[in-house]
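Q: Could we go through how the domains of this protein sit against each other? Please keep the answers plain.

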Amino acid sequence: MRQDHLISASHLSREDIEAVLDRAADIDDDPAAFRQRHAGKVLGLCFFEPSTRTRMSFDSAMKRLGGQTVDMGPVESSSVKKGETLADTVRVVEGYADALVLRHPSEGAATMASEFVDVPLVNAGDGAGQHPSQTLLDLYTIRENAGLDDLTIGIMGDLKYGRTVHSLAEALTNFDASQHFISPESLRLPRNVRYDLHASGAQVREHTELDEVLPELDVLYVTRIQRERFPDENEYRKVAGQYQIDSETLEAAADDLTIMHPLPRVDEISPDIDDTDHATYFEQAHNGIPVRMALLDILLSQDR
């Protein structure tokens, strides 16, 4: 990779992406070969928001590389409650670790934090901004199931606040992918994201109904409505539950349609899809291990 930190999917070239995905495939094929790759190294976990998959998969990935993790723990029991700034927090934790993973509720927090540290920093989600390591495991899952070129993908749900959507859409501009965005009008892609996609020459179409495009799709990427991002609870209630899929919905879909979801889900994917060949969202979550192992391996192996 061309940089020390991973802050945004927009910083990733096709070459960068393929380097991580190829390394992840090598790890998948022979995990034992990487077991002591970074023995003695320590990864600092700084999570200012709740997380299950991202926190646990980074923790597991580092330990499977032979390293260890240190965790700042819940915000409520950290020095943040005493008024410590983010800049001071990351500068302190940098002294305990060889790399940092940061999740924060404020968009742009990871960019700011990266300016204060000299060890690699991975953005694990900054508000409604970016989540690039999630994008890498999403791309790995897509590549394994449908391929990344000559791809038609539908991305459905909360496109306004969904940081996984913003990252994935930007990363897909590196490939021959036609992107269809399905959402209520109030949850369309933010203007700046649409502008960047069009500026990059991406093939982008927007819809309010899934059935307009479902038969064409190779991949359907479903997201939950981000309730915690809404400034007004009443606005959330207006759109909650509008976009749901079940086995009846998929009668119009291609037999080889791949359905993905970054999880957690609420009610947007019915459990009756879980045991079908379409469902890959649990595989997608499990892919966080080899992909994050690959990412950490590359970042920790660079000459600094």
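Q: What distance separates the centres of domain 1 and domain 2?
A: The centres, taken over C-alpha atoms, are 25 Å apart. Domain 1 covers 9-130 + 288-301 and domain 2 covers 133-285, with bounds from an automatic or database domain assignment. This is a predicted model, in which local features need pLDDT of at least 70 and side-chain atom pairs count only at pLDDT 80 or more, while totals for chains, interfaces and linings use all residues. Residues are numbered from 1 along each chain as its sequence is written, and side-chain values use heavy atoms, without hydrogens and water.

Q: How many residues are in contact across the two domains?
A: Contact (heavy atoms within 4.5 Å) involves 31 residues of domain 1 and 24 residues of domain 2.

Q: And what area is buried there?
A: About 2200 Å², with carbon and sulfur atoms giving 54%. Buried area is the accessible area (1.4 Å probe) that two parts lose on being put together, summed over both.

Q: Which residues of domain 1 lose the most area?
A: R14, L21 and R53 do, together accounting for 26% of what the domain 1 side buries.

Q: Changing topic, how many salt bridges are there between domain 1 and domain 2?
A: Three salt bridges are counted between these domains, each being a side-chain nitrogen of Lys or Arg within 4 Å of a carboxyl oxygen of Asp or Glu.

Q: Which side chains meet at 2.9 Å, N to O?
A: Those of D22 and R143, in a salt bridge.
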